[in-house]
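Please keep the sequence and the model in view while reading.

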Amino acid sequence: MKTLQYRSRGPEVQFLEEILASMGYNVDVSFFFGQSTRQAVLDFQKKNNLVIDGIVGIKTWTKLLALNPQVIQVHSKLLSEQDLINFAKEYSLELAAVKAVNAVESSGKGFLADARAKILFEGHVFWRELKKRGVEPADFQNDQTKDVLYPKWTRRHYKGGAGEYDRLQKAANISQNPAFKEAAYRSASWGSFQIMGYHADSLGYDSIDDFVNRMQQHEREHLNAFGKFLKVNKLIPHLKAKDWAKFAHGYNGPGYAQNRYDVKLQQAYEKFSI
C-alpha cells in the first residue's frame, strides 16, 4: 500500500478515510489527508502500540487491514480487466473510454471499505421525488432535515463514504409514510458508475429495491446498469466519438461544465490510452 501522511492526496487517502470512518473516527472522507485524518491516525497508532507519527506506512496499513477483515470481502466484488474488455466489445467501445468513465465517476472503485456500494445522496432530488409522490417537502423541512431535504443542488451537505448512508437513512426515516423511503433510495447515485436510483424503472429493474439489491452484489451489476443507461439515453455514439462534452452533458446533466466532468474524462481517457 502507498505510504500516506498529512496533505497526501488521491484515492488511497479516500480508502484510508473510509476505513477510519467505519471504525468510528470523525474524518472527512475525501481525497485529501487533512487534520481530522491525521488526528485519527495518531489516535489509532497510540491505541495499537504503533509508532505515533501520523504516517500510514506498511505497519499501520497492516494493523488497519487486520482489524477490518470486511475490506477483504470488497475484493470479491470488484471488476476484472476481462469484465471491462468484454463490455467494451459488447458495445463496440474503446476500452480506454470505458475505463475513463469508471475512473471519473467512482475513482475506480464502486464499493466502500465496509463492502457496501458507494453512494451519494442528493437532497434536491429527494425534494423532487417527494413532490412526484404527492408530498409537499416544504412541510418537512426544518433544522433537523435541512441537510437531506432542500430544493436546490448544493455540495455543502455531502459527507462522503459511509456518511452518505447515514444521510440516506435519515431521509428515509423522516416520516413513516412509505413514500419517503421510496423517494430517498431513488435520490442516491449508486455504484461504480453512479447511476441515480430514479433511473431504475427506465433501465428495466423490477423496482427500486431490485435495483439497490443488485448494486450491493458486485461491480458487474454496476457495469450492467451502466450499459443499460448508455443505451436508453443514446450516449453510446458520444462515447465512441470521445465527444466528452456531449457525453458529460448526457450523463451528468447541464452542470457538467461546472464540475469539469468533460475535462476529467478526457484526461482519464488520455491516461488509459497510453
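On a 1 Å grid over the protein atoms alone, a pocket is an open set of points with protein on both sides within 12 Å along at least five of seven lines, a cavity is a set of points where a 1.4 Å probe fits but cannot get out, and lining residues have an atom within 4 Å of a point. The model is a predicted one, in which local features need pLDDT of at least 70 and side-chain atom pairs count only at pLDDT 80 or more, while totals for chains, interfaces and linings use all residues. Residues are numbered from 1 along each chain as its sequence is written, and side-chain values use heavy atoms, with hydrogens and water left out.

**Pockets and cavity**

- Of the 48 residues lining the largest pocket, E105, L120, Q194, N252 and Y261 are the closest to its centre.
- Helices (H or I, at least four residues) and strands (E, at least two) are DSSP runs numbered from the N terminus, and α14 gives the largest share of the lining of the largest pocket, with five residues.
- With Ala, Val, Leu, Ile, Met, Phe, Trp, Tyr, Cys and Pro counted as nonpolar, Asp, Glu, Lys and Arg as charged, and the others, Gly among them, as polar, the lining of the largest pocket has 20 nonpolar, 18 polar and 10 charged residues.
- The second largest pocket, of about 310 Å³, is lined by 16 residues, and those nearest its centre are M1, P11, E12, F15 and K109.
- Two or more residues of the lining of the second largest pocket come from each of α1 and α4 (70-75).
- One cavity of 30 Å³ or more is counted, and the lining of the largest cavity consists of E18, S22, L112, A113, D114, G161 and A162.

**The sheet**

- Three strands form an open sheet in the order β1-β2-β3 with antiparallel pairing, where two strands pair if DSSP finds at least two bridges between them.
- The edge strands, each pairing on one side only, are β1 (119-121) and β3 (195-196).
- Strand β2 (residues 188-190) is joined to β3 by two bridges, and S189 has M196 in β3 as its bridge partner.

**S192, between β2 and β3**

- S192 sits in the loop between β2 and β3 and is buried, at a relative accessible area of 0% (buried means under 20%, exposed over 50% and partly exposed in between, with a 1.4 Å probe and protein chains only).
- Leaving aside neighbours within four places in sequence, the contacts of S192 (heavy atoms within 4.5 Å) include N102, E105, K109 and H222.

**Loops and helix α12**

- K242, in the loop between α12 and α13 (244-252), has a phi near 55°, a positive value in a residue other than glycine, and is partly exposed at 27% relative accessible area.
- P237 belongs to helix α12 (residues 236-241) and is exposed, with a relative accessible area of 52%.
- P237 and F247 are 10 residues apart in sequence, and their C-alpha atoms are 8.7 Å apart in space.

Terms used
Points joined across faces, edges and corners; volume = space filled by probe spheres on them.
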